[in-house]
Amino acid sequence: MQKAPDAPGRRVVIVGGVAGGMSAATRLRRLDEEVEIVVFERGEYVSFANCGLPYYVGGVIREREDLLLQTAEGLAARFRIDVRTSSVVTSIDCSSRTVSVLDETTGRRYSEPFDSLILAVGATSGASLPGEGVPVRTLRTVDDVDAIDALLDITPTGARAVVVGGGFIGLEAVENLFRRGVNVTLVQRGDRPLSPLDPEMAAPVIEALELHEVDLRLNTTVTRICAGRVELSDGDAVEADMVIDARGVRPDAALAMDAGLAIGPTGGIAVDAFQRTSDPFIYAVGDAAEKVDAVDGAASLVTMAGLANRHGRAAADAICGIGRPSRPALGTAVVGLFDLTIAMVGWSEHRLRAAGRPHRVVHTHPASHATYYPGAETMAMKLLIDPASDEILGAQIVGGAGVDKRIDVLATAMAAGLEASALAELELAYAPQYGSAKDPVNLAGYVAGNLVSGTTRSIQWHELEDARTAGALLVDVRSRGEHAAGSIPGAVNLPLDELRARAHELPEGRIIVHCQVGQRGHTAARLLSQLGRDVVNLDGGYATWIAGTRTVRAPQMSAA
Ligand code: FAD
């Protein structure tokens, strides 16, 4: 590989030997056979599968060795990387370009020079939960899962755990403790699990937790841990054999801050598009480093493995003089919970509202593949669109099969700057067992296109009450059987197949039509608007309305 003449140097020190750090180290070696690479890792293990840790607790990943993707010896043999485990970098001296190191095995302290330094130190959990008397573990390291595993082994059947924090890691902890037969209480500060989801999209998550008899405590925090019990802010106390602390993580920026490096407004280490910090010889990547948000271009935090790996590689490229500016972060994420797959990209509706950013919303409930082929599963899909430019601002999908594939198509479309209505024109692979001739992504594009052209007008589930107070008539165009099985209070039932003949029965004034998921409602709205009526379709139909109203009340949509 050709080294650029202004490349910063021949000795690269990396702090942190997991996702971002090890991506940087191996990329460096592939680019430059001569460069000296030293990696310091505080823990006993490098390059372990932190994303797999919950599944080892649950027994899905059976062999502990499977979590350990590489060893210091293996990395030395294949990549000639000097990996020093149980070694903590305690400070950085930017002027002399050295780091101070504590070897925790021997107690020796020494300093190590660098030409370039990469900080890949990850995230930290913050302050401990108050009190003691129940073992408390985070779920971040191999030591954590060893300890959790040992606790489960010695606790008789029917162990009780309190998981604190209903984010990605909290939900994975819940699912895997359930697999081990543990009775779980999930304590979540906010009004729904997975707070980036909008309320109506979180409804299936709550249902899945309830179905599996998880004791879900929303709008609740832990006030104190004491002898075998966890006291909660709702006044209750829960008996517990263990507590898993899965509260949100924040960038571990202490080392950088102490060295005088610039910290961004989010609390992450500030970096430029080449992962360079305020010191041109020091780079930062992964959870510790700030990102640029793809939707508004502002500083943001996204603590995901894909970005840590990508930016580790980017830092190595920059050091070797072949760097290219990083793309902004979309925040694409997926998590499994029992039979559900929950995925998201970009911004949520509540975030857009909080920022005062105009947006248009599309809810659909497509099938994962052709419904005539066995095994199709329904997913709830939500698309957020800029009404002026038709830019895709975000998406959320909750369902079973096929969710992961669709979120990746939408993330790719966002990265490519595709307009929402152009999703209709994507040629996506189709055979009945994999998709539909009109793929869920195409269908969302059709709705988006109809909104652009004015072919359809829609109203959201949380706008319904106000519209009806203003005098609109709500017409349920589903069959009589569907209406009888569950309906929005006060809705008039006029099945779609009778609508053409009976439209004259509808009184003057605005009409809101709805069906189960929005599709028949669209046909009804088209029919009535061609008859000269003022009509809007309830977006996502009864399914979205029931999900939204079951979860939280509409005013909470305005909270970020
Ligand atoms: P890390 O991979 O956390 O590595 C940082 C390392 O730096 C640590 O090993 C730490 O010991 C070391 N270190 C810190 N300070 C020092 C120091 N001073 N001296 C020496 N060493 C130091 N992301 C996804 O995208 N998908 C998932 O499914 C997913 N699941 C996850 C499940 C769990 C349980 C966890 C904990 C995380 C998960 N993540 C997931 C997040 C993902 O693992 C992180 O975004 C990613 O690992 C961040 O990489 P990083 O290099 O910044 O930090």
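Residues are numbered from 1 along each chain as its sequence is written, and side-chain values use heavy atoms, with hydrogens and water left out. Because the model is predicted, local features need pLDDT of at least 70 and side-chain atom pairs count only at pLDDT 80 or more, whereas totals for chains, interfaces and linings use all residues.

The domain bounds, which come from an automatic or database domain assignment, are as follows.

| Domain | Residues |
|---|---|
| domain 1 | 11–124 + 250–319 |
| domain 2 | 136–247 |
| domain 3 | 339–453 |
| domain 4 | 458–550 |

The C-alpha centres of domain 3 and domain 4 lie 23 Å apart, and their contact (heavy atoms within 4.5 Å) takes eight residues from domain 3 and ten residues from domain 4. Between them the two domains bury about 730 Å², 46% of it on carbon and sulfur atoms, where buried area is the accessible area (1.4 Å probe) that two parts lose on being put together, summed over both. Of the area that domain 3 buries against domain 4, Val 361, His 363 and His 365 supply 60%, more than any other three residues.

Across this interface the rule finds zero salt bridges, a salt bridge being a side-chain nitrogen of Lys or Arg within 4 Å of a carboxyl oxygen of Asp or Glu.

On the side of domain 3 that touches domain 4, the elements that give two or more residues are helix H9 (349–354), strand S23 (360–364) and helix H11 (440–453), and S23 gives the most, with three residues; helices (H or I, at least four residues) and strands (E, at least two) are DSSP runs, numbered from the N terminus.
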